[in-house]
Amino acid sequence: MTVFPARRAVPSARALPPVAVPHPRVEAPGVLEPVRPTPLEWARRRRAERGARRLEAAGARALGQLDHLGPAWHVVEWPRTDVTDVLDRGQDDRAGFLAIGPSGLFAVTIADHGRARVLVAGDVVQINGKRPPYVAESRRDAKRASKALSDAVGLPVPVTPVLTFVGSGVISVYGLPKDCLMATHRELDRLLVAGGSRISPATAEKLSRVAQHPGTWLNGTYRPTADYRWYDEGRTAADKPAHRR
């Protein structure tokens with residue numbers, strides 16, 4: 001005969017101690033996994049990234065053409081797009097820089113056309129059947145740079161717009177625009193020095209330092225007198241000796 005050990009009596013419900021029931025874990029809204037983009041959104045993002053890389057490469061090719069201009073020339077990157085433009089357009093699809101040298105100040109706008117053919121007729125630029133407002137944008141950028149630099153310096157500083165095409169496609173010109181220079185990236189250095197000597201190398205260096213300061217582009221908050229003087233101690237613009245021709 002098999003004898004089993006006696007089992008303990010099951011305690012009543014009143015004798016049971018209170019047991020805390022764990023609540024189900026709920027993740028915070030910010031910890032949830034991001035929603036995967038749709039194929040259309042993914043394609044748009046890839047296209048934008050590819051376009052940004054192409055634009056950056058085009059700007060580097062144009063900058064490489066200016067390496068042998070010498071120490072009298074300065075290249076400055078500047079915020080070419082206003083805050084309102086960023087909000088309206090979402091992303092700046094343009095590239096460019098400021099070139100400052102003995103020939104003056106130039107706001108260079110880069111237009112990457114790849115292998116597509118370019119047709120130019122005055123202010124109209126046509127690429128792949130589209131007419132982007134490159135000339136108008138170049139003029140607007142140059143005007144904005146001139147205003148910012150003039151407010152910072154306290155003197156009128158003219159800036160010339162320059163539209164530069166980067167690519168291997170054929171460019172057909174039926175008329176150049178007014179008040180806007182135009183050239184390929186291979187001819188950019190010769191275009192800039194064609195103006196001769198209009199300002200001294202010292203003035204070009206001072207203007208480049210003003211353009212490099214972030215405060216120049218923030219409502220004219222930069223004051224160059226805090227860093228250096230335009231003239232020597234005790235001299236003014238009237239003390240500049242006159243040059244006879």
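Guide: Helices (H or I, at least four residues) and strands (E, at least two) are DSSP runs, numbered from the N terminus. Just after helix α3, G154 has a positive phi of about 95°. This is a predicted model, in which local features need pLDDT of at least 70 and side-chain atom pairs count only at pLDDT 80 or more, while totals for chains, interfaces and linings use all residues. Residues are numbered from 1 along each chain as its sequence is written, and side-chain values use heavy atoms, leaving out hydrogens and water.

Visitor: Which residues other than glycine have a positive phi?

Guide: N128 is one, with phi near 55°. N128 sits in the loop between β5 and α3. D179 is another, with phi near 60°. The loop between β7 and β8 (181-184) holds D179.

Visitor: Is N128 buried or exposed?

Guide: Buried means under 20% relative accessible area, exposed over 50%, and partly exposed in between (1.4 Å probe, protein chains only). N128 has 63% relative accessibility, so N128 counts as exposed. D179 counts as exposed too, at 68%.

Visitor: How do I check the span of helix α3?

Guide: The expected span is 1.5 Å times one less than the number of residues. Helix α3 (residues 134-153) has 20 residues, so its span should be 28 Å. The end C-alpha atoms of α3 are 28 Å apart, which agrees.

Visitor: What does helix α5 reach from its first C-alpha to its last?

Guide: Helix α5 (residues 201-212) has 12 residues and reaches 16 Å. That is close to the 16 Å expected at 1.5 Å a residue.

Visitor: Which residues of α5 are buried, and what do they pack against?

Guide: The buried residues are A204, K206, L207, S208, V210 and A211. Contact here means heavy atoms within 4.5 Å.

Visitor: What is the strand order in the open sheet of three strands?

Guide: Strands of a sheet pair through backbone hydrogen bonds, either parallel or antiparallel. Two strands count as paired if DSSP finds at least two bridges between them. Here the order is β5-β4-β7, with mixed pairing. The edge strands, β5 (124-127) and β7 (171-173), each pair on one side only. On average, neighbouring strands of this sheet are turned by 15° against each other, direction ignored. Such angles use axes that are lines fitted to C-alpha atoms, for helices over the stretch in contact; they run from 0 to 180 degrees between N-to-C directions.

Visitor: In which sense do β4 and β5 pair, parallel or antiparallel?

Guide: Strand β4 (residues 118-121) pairs with β5 in the antiparallel sense, over four bridges.

Visitor: How many aromatic pairs does the structure hold?

Guide: There are two. Rings of Phe, Tyr and Trp (its six-membered ring) pair if their centres lie within 6.5 Å; planes under 30 degrees apart count as stacked, over 60 as edge-to-face and the rest as tilted. W73 and F106 have ring centres 6.2 Å apart and planes at 25°, so this pair is stacked. W73 is in the loop between α1 and β1, and F106 is in strand β3, so the pair ties together parts 33 residues apart in sequence. Both W73 and F106 are buried. The pair of W78 and W217 is tilted, at 5.0 Å centre to centre and 35° between the planes. This pair links distant parts of the chain, 139 residues apart: W78 lies in the loop between β1 and α2 (83-89), W217 in the segment after α5. W78 is buried at 7% relative accessibility, and W217 is buried at 12%.

Visitor: Which backbone oxygens lie by the side chain of S103?

Guide: A polar contact is a pair of N or O atoms within 3.5 Å; within protein, one must be able to donate a hydrogen and the other to accept it, and residues adjacent in sequence count only if both atoms are side-chain atoms. The backbone oxygen of L192 lies 2.9 Å from a polar atom of the S103 side chain. For the backbone oxygen of G196, the distance is 2.8 Å. S103 itself lies in the loop between β2 and β3 and is buried, at 3% relative accessible area. Beyond four places in sequence, S103 is in contact with W73, L192, V193, G195, G196 and R198.

Visitor: Where is L63, and what does it touch?

Guide: L63 is in helix α1 (residues 39-64). L63 is partly exposed, at 28% relative accessible area. Not counting residues up to four places away in sequence, L63 touches V75 and F97. From L63 to A99 is 36 residues in sequence and 9.7 Å in space, C-alpha to C-alpha.
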